[in-house]
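Hi,

Here is the structure I said I would pass on. Have a look at it first, then read on for what I found.

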Amino acid sequence: MNRQDNKGIFITFEGIDGCGKSSQTDLAAEYLESRGIDFIKTRDPGGTALGSKIREILLNYEGHIASMSELFLYLADRAQHVEEKILPALSEGKVVLCDRYVDSTIAYQGYARGLDKQQILDLNSIVAYGLMPDLTFVFDITPEVACSRLGEKKDRLEAECSEFHKKVREGFLDLAGKDPGRIKVIDAGRGIGAISEDVISILKTRLSC
Ligand code: TMP
């Protein structure tokens with residue numbers, strides 16, 4: 001497995017729970033489809049059969065999960081996902097649209113849970129064969145608005161308090177500030193169409209499509 005063999009483009013969609021990134025991933029996929037671009041759409045965690053089982057534990061386990069266990073479950077999912085699905089697609093020259101990836105791990109497990117961010121990056125680099133996204137969208141929204149968009153029934157992480165999501169949001173914005181070439185912050189407090197226009201305009205430039 002070697003990132004250098006890749007001809008495709010790896011694009012990730014990030015933000016706090018309820019920011020609307022999954023709908024935007026779908027709209028980006030529709031756009032690529034309409035332009036005849038070869039792509040896959042996937043998600044992290046849960047992009048493989050093994051990953052679906054790990055996702056189920058991560059989102060619905062009812063007992064206490066230690067922060068380190070949580071981190072390694074996300075990384076176990078990623079190792080499988082990168083090897084089984086993402087790298088093969090990239091090496092075939094496809095565009096990969098991925099709902100969450102390493103920036104979520106740094107924002108949630110690093111900024112919000114308080115684990116060491118450099119250690120997370122180092123571990124991620126091991127499990128993902130050094131694979132980093134070429135382009136990342138962060139859909140930025142306040143935790144209050146995001147929470148009002150989530151339904152009554154929340155999963156384990158959605159149910160975290162707004163203080164937690166405030167830290168996650170700050171994490172994403174901090175990461176974007178440090179890497180503005182890769183990470184594009186999109187104001188997600190607007191209507192779905194306006195947000196999608198911004199995403200597609202960036203995709204058009206980046207993919208020349
Ligand atoms: P999703 O519902 O947007 O697919 O994300 C699943 C949850 O997992 C969401 O609350 C964010 C969280 N998460 C982490 O805490 N760390 C990670 O590395 C990833 C990928 C997601």
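Predicted model: local features only at pLDDT ≥ 70, side-chain atom pairs only at ≥ 80, totals over all residues.

Let's begin with Leu207, which sits in helix H8 (residues 192–207). Is Leu207 buried or exposed? Its relative accessibility is 14%, and the cut-off for buried is under 20%, so Leu207 counts as buried. Who are its contacts, leaving aside neighbours within four places in sequence? They are Ile9, Ile11, Leu32 and Val95.

Now zoom out to the whole chain. There are eight helices and five strands, and from the N terminus on they run β-α-β-α-α-β-α-α-β-α-α-β-α. The C-alpha atoms fill a box of roughly 45 × 40 × 30 Å along the principal axes. For 209 residues, a compact globule would have a radius of gyration near 17 Å, and this chain has 16 Å, so the two agree. Of the 209 residues, 49% count as buried. Among contacts with a separation of 6 or more, 80% are between residues 24 or more positions apart.

Next, the sheet. Its five strands form an open sheet in the order E2-E3-E1-E4-E5, with parallel pairing. At the edges are E2 and E5 (183–187), each of which pairs on one side only. From one strand to the next, the twist averages 20°. Lys41, for instance, has Leu97 in E3 as its bridge partner. Helix H1 (residues 21–34) lies across E1, E2, E3 and E4 (135–140), and runs at about 165° to E3.

Finally, helix H3 (residues 67–91). With 25 residues, H3 reaches 34 Å from its first C-alpha to its last, close to the 36 Å expected. Where is the kink in H3 centred? On Val82, with a bend of about 50°. Val82 is also one of the buried residues of H3, along with others including Leu71, Tyr74, Arg78 and Ile86. What do the buried residues of H3 pack against? Strands E1, E2 and E3, plus helices H2, H4 and H5. After H3 comes Gly93, with a positive phi near 85°.

Note on methods. Residues numbered from 1 in each chain as written. Heavy atoms only, no water. Helix = DSSP H or I, 4+ residues; strand = E, 2+ residues; numbered from the N terminus. Expected span 1.5 Å × (residues − 1). Bend = angle between axes of the 7 residues up to and from the residue. Buried < 20%, exposed > 50% of the residue type's maximum accessible area, 1.4 Å probe, protein only. Contact = heavy atoms within 4.5 Å. Pairing = 2+ DSSP bridges. Axes fitted to C-alpha atoms, helices over the stretch in contact; angles between N-to-C directions. Rg over C-alpha atoms; globule rule 2.2 N^0.38 Å.
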